[in-house]
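Work through the following exercises with the sequence and the structure at hand. Each task is followed by a solution in steps.

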Amino acid sequence: MSPAGFFEADGRRLSRGGIVLLMAPFFGLILFAFFYPLLSLISISVLEPQPTVENYQRVFDNPVYARVLFRTLRIAVLVSLLSLALSFPLALVMANSRGPKAIFLAACVLLPFWSSVLVRTAAWAVLLQRNGLINQGLQAIGLTTEPLTLLYTQGAVVVAMTHVLMPFMVLPIYGALRNIPTDYSRAAAICGAGPLRTFREVTLPLAMPGVIGGFILVFLTALGFFITPALLGSPQEMMIATLISQQMRELLDWPFAAALVGVLTLFVTAMTLAFSRVFRFDRMMGGRA
Amino acid sequence: MTVATAPQARGASIQIEKLEKQFGAVRAVDNVSLTIAAGEFIALLGPSGSGKSTVLMSLAGFERPTAGRILIDGQDCTALPPYKRNIGMVFQNYTLFPHLSVVDNVAFPLKMRGIAKADRHRQAEAALEIVRLGGYGQRMPKQLSGGQQQRVALARAIVYRPHVLLMDEPLSALDKNLREEMQLEIKRLHSELGLTVVFVTHDQSEALTMADRIAILKSGKLQQVSPARELYERPSNLFAASFIGEMNMLPVEWDGKVARLLSGGAIAIEPSSVIEPVQPGKSVLAVRPERLWITGPEDAGAWPATIRDVVYAGAGTLVIAELAGGTEVRIRLPSNTISGLSAGQVVGLTCPPDAALLYRADQAA
């Protein structure tokens, strides 16, 4: 295509052809590397060895699997709420910092974020083991007399997942807070709003898109999280990703694993749609009502 | 000084006493004292970095002065936080809350004051009527034009009937026509509501048209506080003289009675035209371009000059002339009086005695 064909006649906006061309590699990749494998995997759940819905019946009929689904959901909600509670104050301090303090805080959030999930999960295993730092500390200050079982519990999974996923919460909230012009809080102050009132009436509502964005990101990632629950969780209290992996790799029951993937995918899609329905981003951003 | 005399006037007086604000090594405001009468409309005018905004922010309570006091209606509020000052303020960039409808924006200050919803919406609608935006309450700020948004900001600033209204370059984001319309709108509001207005601007014509008095600042120091006419006709120093309008600054030799142009020609200076104490010797003669007249070169008392350019601009024409020493002089004349003038022509310039002001030469303009 000639360079001219890339743009509209005004020479500034991309033409339809230009847009298609620029987007093609991305769509090619997700078609080839995401939709195709996902759909062929899910097709296994209804086509092999012969057309059937039996695998899905198993997911919902057997209370064990329903419990896994429910537990996964509960842990994801818990992790999202916990990381929201920890992230908001941090993001608020970050957004109001300048200079070395701002760089230090950003490094504290980003350095762990750039290290592997496996490393961070292993770090928690070290801390939480029977004679790990936390048990030693608890005994040293006399709170407990013998080591507690901390590792391989749901608590361990929730705490470690919160830690691992927190940057996904901090960054969108920080971005939203940082985008609020300081003049807004000045305007609120001169209107008679004290600091707390300004926060509640102006800062918080304007940060909501970031809060919701972070919440969705953490919640949806937590639903399908694998490494942390697999390493720190109890085998009796599996999450759905661990169950899928077990079905595939240990029991070699691909059709059933595929059915679980289908259920998870359906669930994530439904949640995404529901979120975008409930939270009208355009309206919150002050767009057309 | 013009003070609102209307009986319903409910502005507050403001006293700024020896205000000082230091930012690191920079003294943004340097010993500024200013008394503003209740109901007065005062403009703070100056180039950027002159400290005018810092004075305003100190009035609002966003800046804590390093030294000095601010009294509103006699009450010391130097240390009072902004939300306790009961002041209205309009910002440069409207700063309407984007998540609130127009009526909720205007009702916001009333909500902060604990007024019930129905009541505050009624008052907010009334304030919107005052700025001629009745019926726009349910829209979102983004659906309004810039001028409309600034009117909403104005309504929000007056809805709780503050005694003082601060405006921080409120019109600089608007285009020229809208700006002139809003200037009149703000003037009207000021005379209707009788509140004290402190208006920061870098636009001198805005200051001249709107304000009862204009305070000129430069490098944190107050240069002059005067009504528009006095400021224009008798600027108190060379900075004020050059900052407001056009001014010819001619180097002269002053002997205590007569100022002699270095290029030849002289003018007797009235004692009242010596604006500041000037020692005999080198000094500066300041004349507005529209006060000079062109005569024949041989006329008695005329300063010899050569016309360099004649720039026709509709009602007025700008004549650029050069004195013998090379000093450029600008003359503005009604266009109907200049027929026959052309570049290269040798003419004489005359100036009525009251139009020639004398200043010290040793100050940076």
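**Exercise 1.** State how many bridges join strand β3 of chain B to strand β9 of chain B, and in which sense the two strands run.

Solution. Take strands as DSSP runs of E with at least two residues, and helices as DSSP runs of H or I with at least four residues, both numbered from the N terminus. Two strands pair if DSSP finds at least two bridges between them. Strand β3 (residues 41–45) and strand β9 (residues 213–218) of chain B are joined by four bridges and run parallel. At the level of residues, B:Leu45 has B:Ile216 of β9(B) opposite.

The coordinates come from a predicted model, in which local features need pLDDT of at least 70 and side-chain atom pairs count only at pLDDT 80 or more, while totals for chains, interfaces and linings use all residues. Residue numbers start from 1 along each chain as its sequence is written, and chains are lettered from A and ligands numbered from 1 in the order in which they are written.

**Exercise 2.** Give the strand order of the six-stranded open sheet of chain B and explain what sets its edge strands apart.

Solution. The order is β6-β7-β8-β3-β9-β10, and the pairing is mixed. At the edges stand β6 (88–90) and β10 (221–226) of chain B; each has a single partner strand, so one side of each lacks a neighbour in the sheet. From one strand to the next the twist averages 15°.

**Exercise 3.** Trace the pairing from β1 through β4 to β5 in chain B.

Solution. Begin with β1 (residues 14–23) and β4 (residues 67–72) of chain B, an antiparallel pair over five bridges. In this pair B:Gln15 faces B:Leu71 of β4(B). Next, two bridges join β4(B) to β5 (residues 75–76) of chain B, again antiparallel. B:Leu71 has B:Asp76 as its bridge partner in β5(B). Finally, β4(B) and β5(B) make a hairpin with two residues between them, and B:Asp73 in the turn has a positive phi of about 50°.

**Exercise 4.** Classify the packing of helix α10 of chain A against α9 and against α13.

Solution. Two packed helices are described by the angle between their axes and the distance between the axes. Axes are lines fitted to C-alpha atoms, for helices over the stretch in contact, with angles from 0 to 180 degrees between N-to-C directions. Angles under 35 degrees count as roughly parallel, over 145 as roughly antiparallel, 65 to 115 as roughly perpendicular and the rest as oblique.

- Helix α9 (residues 182–190) and helix α10 (residues 195–223) of chain A pack at about 135°, with axes 10 Å apart. That value makes α9(A) oblique to α10(A).
- α10(A) and helix α13 (residues 254–278) of chain A pack at about 170°, with axes 11 Å apart. This makes α10(A) roughly antiparallel to α13(A).

In the second pair, A:Ile216, A:Leu220 and A:Leu223 of α10(A) meet residues of α13(A), including A:Leu264 and A:Phe275. The classes are: Ala, Val, Leu, Ile, Met, Phe, Trp, Tyr, Cys and Pro nonpolar; Asp, Glu, Lys and Arg charged; the others, Gly among them, polar.

**Exercise 5.** Describe the contact between chain A and chain B.

Solution. Chain B contributes 20 residues and chain A 19 residues. On the side of chain B that touches chain A, helix α2 (residues 102–112) of chain B gives the most, with three residues. That side divides into 14 nonpolar, three polar and three charged residues.

**Exercise 6.** Decide where the model calls for caution.

Solution. The pLDDT stays under 50 over residues 285–289 of chain A and over residues 1–9 of chain B. Where pLDDT is low, the predicted coordinates should not be read in detail. The model scores ipTM 0.82 and pTM 0.81.

Key
Two residues are in contact if their C-beta atoms, placed from the backbone, lie within 7 Å. pLDDT is the predictor's confidence in each residue, from 0 to 100.
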